[in-house]
Amino acid sequence: MFTEKLKQAILNEYDDYHFYRSMYNLTDDPYWQSFIEHIYVDEKSHYEMFQQLYYMLTGTFVQNFPEPKECFDLKECAKIAIRDELEAAEMYKEMLLQIPIQQAYAPLFVAMHDETEHAIRLSTMYNAL
């Protein structure tokens, strides 16, 4: 069901935002910090767009989030995040094919594109570390 996938996307985006915020603190290199900051700003935007869409569909917001995971090793986190970002892009692509209302198209398309971009940024970081 679309709303269940959307709820999972909201939980994932919330977790990812906090994960990347913790990842940011593991480097003092301004170049990598700019990559990570770009990603966590996008994740926050996805979270907000998806919450609004969820509200449009259900009349409620997703609440009661689990404790977000943290990053403790920059390279290992980049490796994990590459996989997660590509999986998210794939999920959003599938959701695009199931949109119940036209207002769902733009947020899913933007998020799908951003997740692919994040994987590229993280892959660049992973390979340079």
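## Helix α4 and its buried side

In helix α4, the residues P107, L108, A111, M112, D114, E115, H118, A119, R121, L122 and M125 are buried (under 20% relative accessible area, with exposed meaning over 50%, partly exposed in between, and a 1.4 Å probe run over protein chains only). Helices here are DSSP runs of H or I with at least four residues, numbered from the N terminus. This is a predicted model, in which local features need pLDDT of at least 70 and side-chain atom pairs count only at pLDDT 80 or more, while totals for chains, interfaces and linings use all residues. Residues are numbered from 1 along each chain as its sequence is written, and side-chain values use heavy atoms, leaving out hydrogens and water.

What do the buried residues of α4 pack against? They pack against α1, α2 and α3, where contact means heavy atoms within 4.5 Å. The length of α4 can be checked too: its 24 residues should span 34 Å, at 1.5 Å a residue (1.5 Å times one less than the number of residues). The end C-alpha atoms of α4 are 35 Å apart, which agrees.

## A nonpolar patch

Now for the surface. Y105, F109 and V110 form a nonpolar patch there, with about 250 Å² of accessible area together. Patches are made of residues with over 30% relative accessible area and no salt bridge, joining like charges within 9 Å and nonpolar side chains (Val, Leu, Ile, Met, Phe, Trp, Tyr) within 5 Å; the areas come from the Shrake-Rupley method with a 1.4 Å probe, and for residues only the protein chains shown count as cover. V110 sits in helix α4, residues 105-128, and is partly exposed at 35% relative accessibility.

## Salt bridges

How many salt bridges are there? The count is five, taking a salt bridge as a side-chain nitrogen of Lys or Arg within 4 Å of a carboxyl oxygen of Asp or Glu. One of them joins K69 to D15, with the closest N and O atoms 2.6 Å apart. K69 lies in the loop between α2 (30-58) and α3 (74-96) and D15 in helix α1 (residues 2-24), so this pair ties together parts that are 54 residues apart in sequence. K69 is partly exposed at 32%, whereas D15 is buried at 16%.

E48 and K44 form another salt bridge, with closest N and O atoms 3.2 Å apart. These two are four residues apart in helix α2, about one helical turn. E48 is partly exposed at 42% relative accessibility, and K44 is partly exposed at 41%.
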